[in-house]
Amino acid sequence: MKLIGLFDSPYVRRVAISMRLQGFSFEHVALSVFRTQEEMRKINPLVKVPMLVLDNGDKLVDSSFILDYLDGETPAEKRLIPASGPERMRIQQQCAVALVASEKAVQIVYDTRQRPAEYSYAPWVERCTGQMHAAFSMLEALPEPALLSGGPITQAEVTTAVVLRFAQYMLAAEFPAGRYPKLEKLSAYCEALPAFVQTPLE
Ligand SMILES: N[C@@H](CCC(=O)N[C@@H](CS)C(=O)NCC(=O)O)C(=O)O
């Protein structure tokens with residue numbers, strides 16, 4: 001399999017980390033949707049990442065669908081989201097909130113760095129910043145994950161940790177140490193795991 005996209009995308013990074021946790025081998029094709037746009041377009045006309053190219057040539061897009069496909073290809077004990085039951089709903093809901101934080105962080109980055117400064121619109125950036133922090137606050141209010149007391153890692157922890165790291169890296173001023181103590185603890189734990197270390201954001 002080939003995973004297309006850079007690890008500075010939280011969507012690409014969460015797929016790569018999940019694949020490592022689940023023992024899937026893949027070739028990483030480190031193309032950028034901005035810097036190597038034309039090369040990317042030849043493989044991936046959508047110019048959105050991640051894209052997972054299967055060995056039969058099928059091209060999957062959207063990190064949540066890719067992760068669902070991978071979970072379906074793995075034994076039940078290695079799934080990062082169970083196939084059914086209340087735990088599935090809990091994990092998916094946490095991922096959905098984390099993905100709102102991610103979407104809003106990405107929108108802030110695009111508005112402030114992709115547009116020429118004179119076209120950046122402060123009220124929109126403020127709105128996204130508020131939405132991003134609302135999502136992180138919801139995640140911070142959740143009970144401490146079982147992972148931190150010896151439980152298994154799930155997609156909820158992978159996605160939450162990846163999104164926090166991305167937002168901290170891109171929007172450092174918004175994340176003084178201690179703003180989200182529980183999430184920071186989770187992040188420190190996850191970022192020390194081999195699957196995370198082998199998938200550096202920078
Ligand atoms: N819902 C998508 C979001 C993917 C996404 O927005 N990726 C960004 C990189 S972080 C991208 O491809 N941006 C280029 C663009 O939107 O044109 C997913 O989960 O894969």
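Which helix does Tyr 169 lie in? Tyr 169 sits in helix 6, where helices (H or I, at least four residues) and strands (E, at least two) are DSSP runs numbered from the N terminus. Tyr 169 and His 28 are 141 residues apart in sequence and 22 Å apart in space, C-alpha to C-alpha.

A word on the ground rules. The model is predicted, with local features needing pLDDT of at least 70 and side-chain atom pairs counting only at pLDDT 80 or more, while totals for chains, interfaces and linings use all residues. Residues are numbered from 1 along each chain as its sequence is written, and side-chain values use heavy atoms, with hydrogens and water left out.

On to the aromatics. Rings of Phe, Tyr and Trp (its six-membered ring) pair if their centres lie within 6.5 Å, with planes under 30 degrees apart called stacked, over 60 edge-to-face and the rest tilted. The count comes to 4 aromatic pairs. One of them joins Phe 136 and Tyr 180, a tilted pair at 5.7 Å centre to centre with 45° between the planes. Phe 136 belongs to helix 5 (residues 122–140) and Tyr 180 to the loop between helix 6 (155–170) and helix 7 (181–191), so this contact ties together parts 44 residues apart in sequence. Phe 136 and Tyr 180 are both buried, with Tyr 180 at 4% relative accessibility. Tyr 180 also pairs with Phe 175: the ring centres are 6.2 Å apart and the planes are at 45°, so that pair is tilted too. Phe 175 is buried as well, at 10% relative accessibility. Put together, Phe 136, Phe 175 and Tyr 180 make one aromatic cluster.

Next, the charged contacts. Side chains of opposite charge can pair when their charged atoms come close. Here a salt bridge is a side-chain nitrogen of Lys or Arg within 4 Å of a carboxyl oxygen of Asp or Glu, and by that rule there are 7 salt bridges. Among them is the one between Glu 191 and Arg 13, at 2.7 Å from N to O. Since Glu 191 is in helix 7 and Arg 13 in helix 1 (residues 10–22), the pair ties together parts that are 178 residues apart in sequence. Glu 191 and Arg 13 are both buried.

Another salt bridge joins Asp 111 to Arg 115, with the closest N and O atoms 3.0 Å apart. Asp 111 is buried at 4% relative accessibility, whereas Arg 115 is partly exposed at 43%. Glu 202 and Arg 165 also meet in a salt bridge, at 3.4 Å from N to O. That pair links distant parts of the chain, with Glu 202 in the segment after helix 8 (194–197) and Arg 165 in helix 6, 37 residues apart. Glu 202 is exposed, with a relative accessible area of 67%, while Arg 165 is partly exposed at 22%.

That leaves the pockets. On a 1 Å grid over the protein atoms alone, a pocket is an open set of points where a 1.4 Å probe fits, with protein on both sides within 12 Å along at least five of seven lines, and lining residues have an atom within 4 Å of a point. Grid points are joined across faces, edges and corners, and a volume is the space filled by probe spheres set on the points.

The largest pocket holds about 880 Å³ of space. Its lining has 31 residues, with Ser 9, Tyr 11, Val 49, Val 106 and Tyr 110 nearest the centre of the pocket. Helix 1, helix 3 (63–72), helix 4 (86–114) and helix 6 are the elements that each give two or more residues to this lining, and helix 4 has the largest share, 8 residues. Domain 1 (2–78) and domain 2 (86–197) both contribute lining residues, so the largest pocket lies between them; the domain bounds come from an automatic or database assignment.

The second largest pocket has a volume of about 360 Å³. It is lined by 21 residues, of which Arg 90, Gln 94, Leu 142, Pro 143 and Pro 145 lie nearest its centre. Helix 4 gives the most to this lining, with 5 residues.

Technical notes: Buried < 20%, exposed > 50% of the residue type's maximum accessible area, 1.4 Å probe, protein only.
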